[in-house]
Structure formats: structure tokens, C-alpha cells
Amino acid sequence: MPDTGTSDAFVAFERVQKSYDGETLVVKDLNLNMPKGEFLTMLGPSGSGKTTCLMMLAGFETATHGEIKLDGVSINNIPPHKRGIGMVFQNYALFPHMTVAENLSFPLEVRKIGKSEREKKVMRALDMVEMGAFGGRRPAQLSGGQQQRIALARALVFEPELVLMDEPLGALDKQLREKMQFEITDLAHRLGITVVYVTHDQTEALTMSDRVAVFDDGRIQQLAPPDELYEAPQNSFVAQFIGENNTLEGVVKEISGGRCTVQLDGGEVIDAVPVNVSKVGERTRVSIRPERVEVNPDLGESAHTLKAKVKEFIYMGDIFRTRLSVAGNEDFVIKTRNRPDQVRLRPGDEVTIGWMPEDCRALDAQ
Amino acid sequence: MSDATGPDTFDGPTPDNALRQAQKTSGPMLAADGTPLKKSLSRALRRQKMRALMLIAPLLLFVLITFIAPIADMLFRSVENQIVSETLPLTTEELGSWDGEGMPPEAAFEAAYYDIFLAAERKEHTRLGTRLNYELTGASSLFRKSGRGLDDIGEVYQDQFEDLDENWDEALPWLELMGDPEWLAEQQEWVAEGEEGRQPSFELSEGTADILPRTAREFAVFAEYTQDEERDNLLDEEPWSAVHTALYQDLSSGDVSSYSGPRADMLQAAAALVASPDFETVSFLDGFEEVDEDWMEPPIWRTIKLYSPNYTSGYFLNSIDMQLTPDGIEARPENQQIYMLLFQRTLFMSLVITFSCILLGYPVAYILSNLPMRSANLLMILVLLPFWTSLLVRTSAWKVMLQQQGVINDVLVWIGLVADDSRLTMINNQFGTIVAMTHILLPFMILPMYSVMSTIPPSYVRAAKSLGATNWTTFWRVYFPQSIPGIGAGSILVFILSIGYYITPEIVGGTTGTFISNRIAYHISSSLNWGLAAALGAILLAVVLILYWAYDRIVGIDNVKLG
């Protein structure tokens with residue numbers, strides 16, 4: 001896995017394991033290094049161990065094995081309130097019996113900061129999230145988005161270098177969520193803070209992060225920048241989990257020089273990029289993104305073409321989503337842009353589809 | 001505002017314009033069929049409301065009949081005082097014009113004679129005696145004696161009239177003299193037909209009331225009592241001696257020579273007898289003095305006068321250690337003051353019990369709400385266990401634990417902390433009551449606390465810690481304020497329950513650890529002074545309501561959560 005090296009890592013997980021019941025491991029041998037100022041997202045289905053990792057970093061869970069380091073110092077035995085890590089919770093966790101200003105002032109009070117300085121910092125933090133006029137309100141009098149901003153301000157007001165966010169946008173509606181995604185990343189880059197962000201929403205992960213760690217089954221399946229994650233998934237879990245994906249099952253026939261030949265279960269033979277197949281005869285799952293597939297292609301010699309039958313055509317506004325039956329796969333999806341000259345297929349049409357071999361990745365068969 | 005929405009300048013009847021027009025007009029909104037919107041809404045909701053009402057009707061009736069009505073009746077008893085004016089109607093009237101100084105006039109004695117005579121026949125004089133005894137010690141025995149003794153006055157006259165003429169001790173001659181002839185005929189016909197159906201109501205003959213006013217009044221009373229209450233045939237019952245007394249009074253003060261109706265000769269003869277110097281008379285004053293010397297003292301008369309109104313504040317004054325006297329409201333003698341002390345003690349001990357419950361219950365509720373489900377359930381069973389045990393058993397168990405030869409004392413003596421001859425007194429006093437009641441009421445504190453605490457998301461605590469607060473600061477500034485509604489709910493429950501608690505203080509309270517409720521129970525079941533019990537209960541209810549109101553003002557009732 002690509003690392004930035006242990007020496008200059010700001011946050012480091014070293015061989016961390018976690019078990020709750022002493023029988024199964026929720027986090028299996030986690031190694032992760034983050035440089036200062038990075039926005040890293042932990043993405044994964046529920047139960048994949050991402051929240052547990054965050055909680056271990058915050059100090060609310062103890063690692064069963066391994067070491068967690070912050071700025072080169074092991075923090076395994078430091079209680080949460082001494083770690084100085086800001087945290088934004090899923091349901092904001094704004095104290096309902098305090099006003100917004102009191103909520104923000106709380107971390108400063110426990111740090112014994114003087115009153116005038118406290119007020120100044122609270123005001124600055126509120127202005128930062130454009131909530132300057134709401135200091136006297138109670139959290140219950142604010143909308144979800146406003147509460148979200150206050151929670152953010154509270155996690156930042158004591159100027160932590162590391163901020164953890166546990167699905168902070170989960171309770172917001174789609175539009176607000178997109179707006180807040182932008183605001184959070186903007187703020188993080190402006191303040192130069194390091195952020196560990198947990199979510200199960202892949203769009204959120206892709207749009208916000210410098211790097212994304214895809215979790216499954218207690219392990220990081222892939223740690224990479226968003227584009228690499230989408231375009232070059234390392235295994236079929238990542239390919240399936242990030243974005244939409246078509247798979248065709250088959251057997252590796254030949255591997256040579258960055259290309260391999262796969263015989264699909266329907267008998268067709270196609271070329272693909274071997275990612276984690278190593279020997280001939282191995283079963284594989286070939287992955288192609290729907291937007292890389294062309295209908296009635298004119299792609300030249302190197303492209304593959306296959307016969308397909310249209311099952312369903314869905315008009316989605318900006319794109320058309322067509323479901324086809326290809327080589328025994330009934331759920332083969334292609335996406336085409338809504339252009340004036342675009343052919344609108346009808347169910348029952350017989351067409352030829354094709355793609356470039358470099359867009360087609362031969363992954364593990366799981 | 002419609003103008004601001006955009007370029008719609010078309011003035012014709014579009015749906016939008018119609019809607020805007022409707023909003024502009026000041027009249028009520030109309031439904032599609034032109035009826036006011038409010039009206040058609042309420043019509044639409046009426047069915048639902050009726051159905052809801054029908055569903056709750058059984059419970060509503062049940063609560064009204066078995067709960068609200070008895071409470072209202074009980075509260076009414078705390079001011080009701082009709083017994084005096086109903087039992088002594090003539091006397092209260094006579095005493096109305098008395099100024100309360102010295103002795104009442106002879107007329108009052110006369111009225112009291114007739115009233116008590118009737119009351120004694122109805123056996124109501126002892127009830128009145130008991131009632132007046134609450135206000136004046138000795139009234140009870142005075143009335144009991146008078147019920148028997150006042151017969152002596154009438155018998156003097158009755159004997160003399162009988163000696164003159166046997167007919168004065170017969171029913172029929174009296175009825176011929178006093179009764180309306182038509183009524184008498186009806187009555188005789190009724191007897192002849194075998195006393196079927198209703199007995200014809202007695203009617204006085206015309207003119208009798210003019211020449212024999214007292215006799216007519218007393219005979220009517222006698223006749224009504226015999227017919228309506230005893231349900232006896234008036235033809236079989238000879239009048240009682242009060243009628244003879246009234247006859248004597250009428251004959252001695254009026255002239256009956258003009259009378260020519262039935263039995264005129266009998267009446268003339270009696271008048272002659274009364275006029276003769278040999279006729280023996282007794283004054284009412286002497287008659288009362290004969291019965292009891294107390295009648296010759298002002299207090300009993302003053303008390304009757306004081307309590308003759310239909311409603312009295314006497315019970316309420318009594319329950320705050322005051323009393324109603326002819327000179328106004330005064331404090332009771334110090335050695336009779338008990339209720340204020342009991343109220344204070346009840347409030348104080350209820351507060352102590354509430355605070356002990358908070359102190360003991362809070363940590364338990366905290367642990368319960370923070371444990372994993374399975375262990376929490378087990379612990380919950382332990383908390384609820386007392387609920388499944390009889391209250392009496394639990395209280396008695398404390399008796400076993402706390403008494404001088406009990407478990408705790410034995411252990412202390414065995415350890416050597418306490419000498420055998422100076423064992424601690426832990427029961428039959430306030431300590432015993434507080435310990436036992438704290439134990440019994442603890443679940444009522446823990447349950448609401450638990451239900452509130454289990455709704456406090458753990459993320460608040462985590463948030464506080466991530467913001468840099470220590471465990472103590474987190475608890476005190478973040479967790480505790482949010483658990484206050486639970487404390488409030490538990491405290492109200494425990495306090496209100498304990499303020500009216502009865503069984504436990506009765507068993508383990510001794511004399512210094514009893515509550516006001518024990519006194520109420522005493523007045524309900526032993527002294528039978530229900531009026532006082534009702535007044536004490538009403539005050540207790542008022543105290544609870546005032547505290548509830550105060551709690552609402554200070555803490556806010558919205559801050560009470562039961563889950």
C-alpha cells in the first residue's frame with residue numbers, strides 16, 4: 001500500500017487490531033499513515049470497522065493490539081480529553097441545555113481561557129461558519145444545517161490540529177449536504193487542519209477527500225486518491241463499492257505484458273488489464289464502468305465488441321441508463337449522455353457494444 | 001404579496017386569481033361548496049371526536065363515579081355543618097336573636113325541649129352530641145342524658161291530662177280533635193281496606209292552628225314522624241308527651257272557650273284543669289337543670305349558636321390548630337395543638353425521604369442506563385423486586401431489622417460497637433420511618449431517572465470529552481443537567497406519594513414518626529370526625545397543588561419526563 005512513510009506521519013496506525021468480544025476481530029491489522037493537512041476519508045459499508053478506527057483515534061475505544069501515534073507520540077494511554085482532537089458527531093451532539101455560544105465556549109472554559117479571549121474566539125468561530133447572529137439560540141431552535149455548522153465551529157474553536165468527523169452530513173437533505181461538503185473541505189484547506197472523515201456515502205468520499213481508505217471486513221481494501229480509486233480499483237470489492245460497475249465472470253487464458261485474455265463463461269474471449277490475477281486458469285471477474293461502454297462502436301482495431309440485447313431503457317435527464325443482456329449477464333448497464341444525436345434504444349433491440357481493453361480490468365473472483 | 005410572485009397579470013378567473021381573491025377578502029375562507037371552511041372542518045372532525053369520546057367514555061365515567069365524586073363529596077364534608085340546624089331547627093331560630101351574652105331566654109329552652117324530644121325519638125340526638133363534642137367536650141354525654149331526661153317534663157303534663165280523662169292517652173280522640181274530618185274518614189277507610197297502599201297524609205283541621213298553635217305544630221310533627229318514618233297507622237299510636245306539653249302551653253296562654261268542633265268538651269275540661277291552681281307545672285329551665293347542670297352554663301348554648309349555620313370554617317380552623325369562638329377565631333390552647341406540628345413533620349420527612357431517594361437512586365439509575373442491555377435487565381429486576389413483595393411484608397421486615405433486639409442491633413452489639421445495655425432505638429421514631437419509606441419509594445425515583453438517562457445519547461458525553469472536559473466536568477456540566485428532568489419527575493412522584501403515606505408510618509413510626517395521614521385515618525375510622533378528616537385531607541391536597549405549582553414556576557413542568 002502507498003505510504004507517506006512513518007517518520008513524517010502526523011497520524012499513524014501501526015498494526016492496530018480491535019476486538020469487542022475476544023472472538024472476532026473488528027479491525028484486522030490496520031496500518032495507516034497520514035501527513036499533516038490531509039483530508040482522509042474512511043469509506044465502507046456498515047460494520048466494516050471504519051467508525052471503530054475513528055473511535056480508537058478519538059480515544060473512546062482502546063486498541064486491542066498495536067499502536068496509534070499522533071505527531072510521533074503514542075496516544076494509546078492518553079484519555080480522550082487530553083488528546084486535543086476536535087470531533088464532529090453524526091447527530092451533532094450539541095448540548096441541548098446550553099446556548100450556541102455556551103456550546104462553543106465550553107471547550108475554551110475547560111481549558112481555562114479567560115472570558116474576554118473566550119468571547120473573541122467564540123465570535124470568530126461563529127463568523128467562520130457564518131452563524132454570527134445565532135449565539136443566543138438553543139440548538140433545538142436551529143435547523144439541521146445550522147446545527148451542523150455549529151457542531152463544526154465547536155470542534156474547531158479550540159484550534160485542534162486534527163479533526164475527526166463521524167458521518168456528519170448523514171442527517172441532511174441532498175442539497176444541503178452538497179453545500180456543506182464544499183464548505184467543510186474549503187474550511188479544512190483554509191485552516192490547514194488534518195481531517196479524518198468517516199462516511200458510507202461514496203459520492204461524499206470522492207468529492208471531499210485528498211485520499212480515501214475503503215474499508216471492508218476490518219481491513220483497508222484500498223487507500224488512494226479518489227480518481228485512482230474510481231479508475232483503477234485494486235480488487236472487485238472496491239470496484240463494486242465505488243461507483244457503478246459491470247462485471248463479467250470468466251477464466252484467465254493468457255497473461256502477457258500488461259494484457260491478459262479472458263474467456264467469458266458465455267464463450268466470448270476478451271482482452272483486459274490484469275490487476276490481481278496472477279496465473280493462467282484462474283477464475284476472474286472482469287470489470288467495466290458503464291460510461292466507458294459504447295453502443296455500435298467505432299473504436300478501431302483494439303476494441304472488443306459483443307452482442308447485446310436491450311432489456312430496459314431509463315430516461316434520467318442528463319443521461320440514459322440502459323440495461324442489457326451481455327454474455328449471460330442480465331444486469332449489464334451502460335450510460336450514455338443525453339445528446340441530440342444519441343440513439344434511444346428500445347427494449348428488445350439487438351445491438352453491438354464495445355470498449356477499450358484498458359478500461360476493462362480483470363480482478364479477483366472473490 | 002401575490003404581486004411579488006411574478007408576471008401573472010391576467011385578471012380573469014384563473015384558479016390562482018380566485019385563490020388570491022379569496023385571500024384578499026377579509027371574510028372567512030370558504031370551502032368548495034360555499035360553506036365557511038371552519039364549519040365544514042369541524043363537521044368533518046365531529047365524527048372522529050365522537051368516536052374518540054365514546055372510546056374514553058367508560059374510563060371517564062369510572063373515574064368520575066369512583067374517584068372525582070367521592071373526592072368532591074369528601075371535600076364538601078370539610079365545610080358542611082347542616083346537622084345542627086337540621087336537628088335543632090327551632091333552637092337555632094331562637095338563638096339567632098340571642099346576643100350570646102349570659103344565658104339565652106327561656107324561649108330557647110322551650111325550643112330546645114321540642115327539638116331534642118324529636119331528635120331523641122329519631123335517635124339523632126347522640127349524633128348531634130358527638131358533632132358538638134368536637135367543639136365542646138362533654139356535649140356528647142349532655143345530649144345523651146337529655147334525650148332520656150327531658151321526657152320527665154312532658155310526663156308531668158301527660159299524667160295529669162290522663163288522670164282527668166283517659167281519652168287524652170288515646171289515639172282516636174286526639175285525631176278527632178286535631179285532624180281534618182275528611183282526612184280522618186279517608187284514614188279509617190284505608191284501615192278498613194286492610195292498610196293497602198299509601199297511608200293518607202295527615203292534615204290538620206281548620207282553625208286548630210289558630211287556637212292551639214304549639215299543639216298543632218307538635219302534633220303535626222308527631223303525625224309526620226309516625227306516618228313517614230315509622231310507617232305506623234296513626235290510629236294506633238297515642239301521641240308522645242311533647243304534644244301534651246304543647247297542649248298545656250296553649251291552654252295556659254290562650255282561650256279555647258270559643259272552640260266548638262269535635263271533642264270540644266274534652267278540651268274545655270282540660271282548659272279548666274290547667275286553669276285550676278292544683279295543676280302542677282314545670283318550667284323548661286328547671287327541667288333542663290334537672291337533666292344536667294351544664295344546661296345552666298352559657299358555653300353549650302354559645303356552641304350551638306356558633307355552629308348553627310349550614311356551613312362552617314370550624315373544621316379547617318381545627319386542622320390548623322385554631323378554633324371558632326364567640327369572640328372570633330383564636331389559637332387553640334398550646335397543649336391541644338397537634339396538626340401544624342404534624343403537617344410540618346410530614347413535609348419535612350417527605351423532603352428528607354425524597355433527598356435520600358435521589359442520593360441512593362441516582363447512581364443506580366446511572367449504572368442501569370449505562371450497562372449493556374442484558375446486565376441492565378438483570379439489575380432492573382432487582383430494582384423492581386420490591387414491587388412484587390407486599391408492602392406490609394417489606395415494612396415488617398424493616399421492623400425485624402431495626403428493632404432493639406433486631407438484626408442490626410444484634411450485629412452492632414456482636415461487633416462491639418454498641419454496648420448491650422444501650423442498644424440503638426431505630427424504630428418507632430422518625431429514623432425508622434425515613435429508612436423504611438426511602439426503601440419502599442426508591443423504585444419510584446429510579447424508574448423515571450432511568451428512563452430519562454437512557455435517552456441521553458452517549459455522544460454528548462463523548463463530545464464533551466473530545467472537547468477537553470475531564471470526567472467530572474463532563475458529568476457535572478453535560479450529563480447532570482440533562483438528567484434533571486428525571487430527578488424532577490422522580491422527586492414529584494416520591495414526594496407526593498410520601499406526603500400521603502399511611503401504612504409504613506403507622507407500623508414503624510411510633511408516636512414521633514407518624515404522618516398527617518395517620519391522623520386522618522384516625523378521624524375516619526376511630527373518632528369518626530369525618531369533617532375534620534376531610535379538612536385535613538383538603539389542606540394536604542392544597543399543599544401538594546401549591547408545591548406542584550411552585551415546581552412548575554421554578555423548574556417548569558415541561559422539564560418532567562417519565563420516559
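A:Met165 is buried, with 25 other C-beta atoms within 10 Å; the cut-offs are 20 or more other C-beta atoms within 10 Å for buried, 12 or fewer for exposed, and partly exposed in between, with C-beta atoms placed from the backbone. This is a predicted model, so to speak of local features takes a pLDDT of at least 70 and side-chain atom pairs count only at pLDDT 80 or more, while totals for chains, interfaces and linings use all residues. Residues are numbered from 1 along each chain as its sequence is written, and chains are lettered from A and ligands numbered from 1 in the order in which they are written.

A:Met165 sits in strand β7 (residues 162-166) of chain A, where helices (H or I, at least four residues) and strands (E, at least two) are DSSP runs numbered from the N terminus. Leaving aside residues up to four places away in sequence, A:Met165 touches A:Val88, A:Val195, A:Tyr197 and A:Val198; a contact here means C-beta atoms, placed from the backbone, within 7 Å. A:Val196 is 31 residues away from A:Met165 along the chain, yet their C-alpha atoms are separated by 6.3 Å.

Stepping back to the whole chain, chain A has eight helices and 20 strands. Its C-alpha atoms fill a box of roughly 75 × 50 × 35 Å along the principal axes. Of the 366 residues in chain A, 40% are buried. Among contacts in chain A with a separation of 6 or more, 65% link residues 24 or more positions apart.

Helix α1 (residues 50-58) of chain A has eight of its nine residues buried, so it is largely enclosed by the rest of the structure. The buried residues of α1(A) are A:Lys50, A:Thr51, A:Thr52, A:Cys53, A:Leu54, A:Met56, A:Leu57 and A:Ala58. Just after α1(A) comes A:Gly59, with a positive phi of about 105°.

Now for chain B and its helix packing. Helix α2 (residues 37-77) of chain B and helix α27 (residues 530-554) of chain B pack at an angle of about 110°, with their axes 7 Å apart; axes are lines fitted to C-alpha atoms, for helices over the stretch in contact, and angles run from 0 to 180 degrees between N-to-C directions. α2(B) and α27(B) are therefore roughly perpendicular to each other (under 35 degrees is roughly parallel, over 145 roughly antiparallel, 65 to 115 roughly perpendicular, and the rest oblique). From α2(B), the contact is made by B:Met74, B:Leu75 and B:Arg77, and from α27(B) by B:Trp530, B:Gly531, B:Ala534, B:Gly537 and B:Ala538. These residues divide into five nonpolar, two polar and one charged, with Ala, Val, Leu, Ile, Met, Phe, Trp, Tyr, Cys and Pro counted as nonpolar, Asp, Glu, Lys and Arg as charged, and the others, Gly among them, as polar.

The axes of helix α8 (residues 151-164) and helix α14 (residues 264-275), both of chain B, come within 10 Å and cross at roughly 125°, so α8(B) and α14(B) are oblique to each other. Here B:Gln160, B:Phe161 and B:Leu164 in α8(B) meet B:Ala269, B:Ala270 and B:Leu273 in α14(B). By class, that contact has five nonpolar, one polar and no charged residues. Also in α14(B) lies B:Gln268, which counts as partly exposed with 15 C-beta neighbours inside 10 Å. B:Gln268 touches B:Val256 and B:Ser257, not counting residues up to four places away in sequence.

As for how the chains meet, 15 residues of chain B are in contact with 20 residues of chain A. On the side of chain B that touches chain A, α23 (458-466) and α24 (471-499) each supply at least two residues, and α23(B) gives the most, with six. The residues of that side divide into seven nonpolar, six polar and two charged.

Technical notes:
Contact = placed C-beta atoms within 7 Å.
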